[in-house]
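Visitor: I am new to this structure and would like to see it before asking how its labels were assigned.
Guide: Here it is.

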Amino acid sequence: MFIEIDFNSDEALYLQLRNQIIIGIATSQYQEGDALPSVRQLADTIGINMHTVNKAYSVLRQEGFVKVDRRRGAVIAIDIDKLQAMEELKKDMQVLLAKSRCKKISKEEVHALIDEIYQNYDDNGGIE
């Protein structure tokens, strides 16, 4: 598992970790059923507090990206229902698009950026 944390970023460390794992799932770096490192192991590897890793794992569990298995620890398990995911995405995008519009970023530029980002994901990506 390759996780890169920017200690100079204003973004909270647990959110950076959460986001890296979500991106890893989306790019097929992590597959359904893969076990994540233990909290202690990942904290030692990255050089952050165990409570930070635990918080990231808790958020991922609440959001439906991982489940906790007594024997294996945190395991990738995507169980968010699509309608709920679409609603969450819509809320997030409303803010992002409003920011983009304030910065005079055109609709075409946003579409090009989305296409560029989507190229990083495998062809099936759960979309049919």
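Predicted model: local features only at pLDDT ≥ 70, side-chain atom pairs only at ≥ 80, totals over all residues.

Guide: Residues are numbered from 1 along each chain as its sequence is written, and side-chain values use heavy atoms, with hydrogens and water left out.

Visitor: What makes up the protein in terms of helices and strands?
Guide: There are five helices and two strands. Helices (H or I, at least four residues) and strands (E, at least two) are DSSP runs, numbered from the N terminus. Along the sequence the pattern reads α-α-α-β-β-α-α. The C-alpha atoms fill a box of roughly 50 × 40 × 25 Å, taken along the principal axes.

Visitor: Why are H1 and H3 called oblique to each other?
Guide: The axes of helix H1 (residues 13–26) and helix H3 (residues 50–62) cross at roughly 50° and come within 8 Å. Axes are lines fitted to C-alpha atoms, for helices over the stretch in contact, and angles run from 0 to 180 degrees between N-to-C directions. Angles under 35 degrees count as roughly parallel, over 145 as roughly antiparallel, 65 to 115 as roughly perpendicular, and the rest as oblique. H1 and H3 are therefore oblique.

Visitor: What is the handedness of the crossing of H1 and H3?
Guide: The crossing is right-handed. A crossing gets that name if the near helix is turned clockwise from the far one by less than a right angle, and is left-handed if anticlockwise.

Visitor: Which residues make the contact of H1 with H3?
Guide: From H1 come Leu 13, Tyr 14, Leu 17, Arg 18, Ile 21 and Ile 22. H3 supplies Thr 52, Val 53, Lys 55, Ala 56, Tyr 57, Val 59 and Leu 60. Contact means heavy atoms within 4.5 Å. Ten of these residues are nonpolar, one is polar and two are charged. In that division Ala, Val, Leu, Ile, Met, Phe, Trp, Tyr, Cys and Pro count as nonpolar, Asp, Glu, Lys and Arg as charged, and the others, Gly among them, as polar.

Visitor: How do you know that Arg 18 and Glu 63 meet in a salt bridge?
Guide: A salt bridge is a side-chain nitrogen of Lys or Arg within 4 Å of a carboxyl oxygen of Asp or Glu. The Arg 18 and Glu 63 side chains are 2.8 Å apart, N to O, and meet in a salt bridge. The structure holds one salt bridge.

Visitor: Why does Arg 18 count as buried?
Guide: Buried means under 20% relative accessible area, exposed over 50%, and partly exposed in between (1.4 Å probe, protein chains only). Arg 18 counts as buried because its relative accessibility is 18%. Glu 63, at 24%, therefore counts as partly exposed. Buried residues make up 24% of the 128 residues in the protein.

Visitor: What makes Gly 24 buried or exposed?
Guide: Gly 24 has 0% relative accessibility, so Gly 24 counts as buried. Gly 24 lies in helix H1 and touches Gln 29 and Tyr 30, not counting residues up to four places away in sequence.

Visitor: Why is Gly 33 called partly exposed?
Guide: The value for Gly 33 is 27% relative accessibility, so the label is partly exposed. Gly 33 is in the loop between H1 and H2. Apart from neighbours within four places in sequence, Gly 33 is in contact with Arg 72, Val 75 and Ile 76.

Visitor: What is said of phi in Ser 28?
Guide: Phi of Ser 28 is near 65°, a positive value in a residue other than glycine. Ser 28 is in the loop between H1 and helix H2 (39–46). With a relative accessible area of 24%, Ser 28 is partly exposed.

Visitor: Why does Lys 104 count as exposed?
Guide: Lys 104 counts as exposed because its relative accessibility is 73%. Lys 104 lies in the loop between helix H4 (82–102) and helix H5 (107–118). Lys 104 has a positive phi of about 60°, although it is not a glycine.
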